[in-house]
Amino acid sequence: MASSSAEPQAGGEGEVGEAGEEERNRIPEVLQPQYQYIRLLCKRSLQLAGAGLVLTLAVFLACNSPIRPVSFRLPPPPKLTGALTPNTRLRSAKQILKSRIVGPESIAIDENGVLYTGLANGRIVSVTGKKKKVPTATLR
């Protein structure tokens, strides 16, 4: 009977060998956290190496660029004379529609004196009104 237990089982010798190999390669549960940490460390190291390779390639390509930059200097700023002369005219300006329109940006005035402005929310409004009337904003 001892000789019969040494004989290969129904699946053949290959299956017994694979099961034994799997058993030998199995990591004990006590070492599972360390094994997972080492796997993560290896994975991160490969990712870092890949990122380094990409960065090195990018620097190499940038250094071998066919574009040759040329230095450029701005001309000196214009003198503040004529229309550019500093003044205080805006100090006497009055705000209109302060609580009705939010975030007016650029303005444009047409030939009829209608003021157009873009708002912070993307709308474009026209502002109309006479000197003594309160202007109103309308969507166009």
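Reader: Why is Thr-117 called buried?
Author: Its relative accessible area is 3%. Buried means under 20%, exposed means over 50%, and partly exposed lies in between (1.4 Å probe, protein chains only). At 3%, Thr-117 is therefore buried. This is a predicted model, where local features need pLDDT of at least 70, side-chain atom pairs count only at pLDDT 80 or more, and totals for chains, interfaces and linings use all residues. Residues are numbered from 1 along each chain as its sequence is written, and side-chain values use heavy atoms, with hydrogens and water left out.

Reader: What makes Ala-108 partly exposed?
Author: Ala-108 has 42% relative accessibility.

Reader: How many of the chain's residues are buried, as a percentage?
Author: Buried residues make up 8% of the 140 in the chain.

Reader: What surrounds Thr-117?
Author: Contact means heavy atoms within 4.5 Å. Leaving aside neighbours within four places in sequence, Thr-117 contacts Ile-101, Pro-104, Glu-105, Ser-106, Ile-107, Arg-123, Ile-124 and Val-125.

Reader: What makes the approach of Thr-117 to Ser-106 a polar contact?
Author: The side chain of Thr-117 reaches the backbone oxygen of Ser-106 at 3.0 Å. A polar contact is a pair of N or O atoms within 3.5 Å; within protein, one must be able to donate a hydrogen and the other to accept it, and residues adjacent in sequence count only if both atoms are side-chain atoms. At 3.0 Å, the pair is within the limit.

Reader: Which element holds Thr-117?
Author: Thr-117 lies in strand E2, residues 115–118. Strands (E, at least two residues) and helices (H or I, at least four) are DSSP runs, numbered from the N terminus.

Reader: How do you know that E2 pairs with E1?
Author: Two strands pair if DSSP finds at least two bridges between them. Three bridges join E1 (residues 107–109) to E2, so the two strands pair. They run antiparallel. Ala-108, in strand E1, stands opposite Tyr-116 in E2.

Reader: Which residues does Ala-108 touch?
Author: Not counting residues up to four places away in sequence, Ala-108 touches Val-114, Leu-115 and Tyr-116. Ala-108 and Gly-118 are ten residues apart in sequence and 9.4 Å apart in space, C-alpha to C-alpha.

Reader: What makes E2 and E3 a pair?
Author: Four bridges join E2 to E3 (residues 124–128), so this pair also passes the test. E2 and E3 run antiparallel. Gly-118 stands opposite Ile-124 in E3.

Reader: Where do the hairpins have a positive phi?
Author: Between E1 and E2 lie five residues, and Gly-113 takes a positive phi near 85 degrees. Between E2 and E3 lie five residues, and Gly-122 takes a positive phi near 95 degrees.

Reader: How many helices and strands does the chain have?
Author: Three helices and four strands. From the N terminus on, the order is α-α-α-β-β-β-β.
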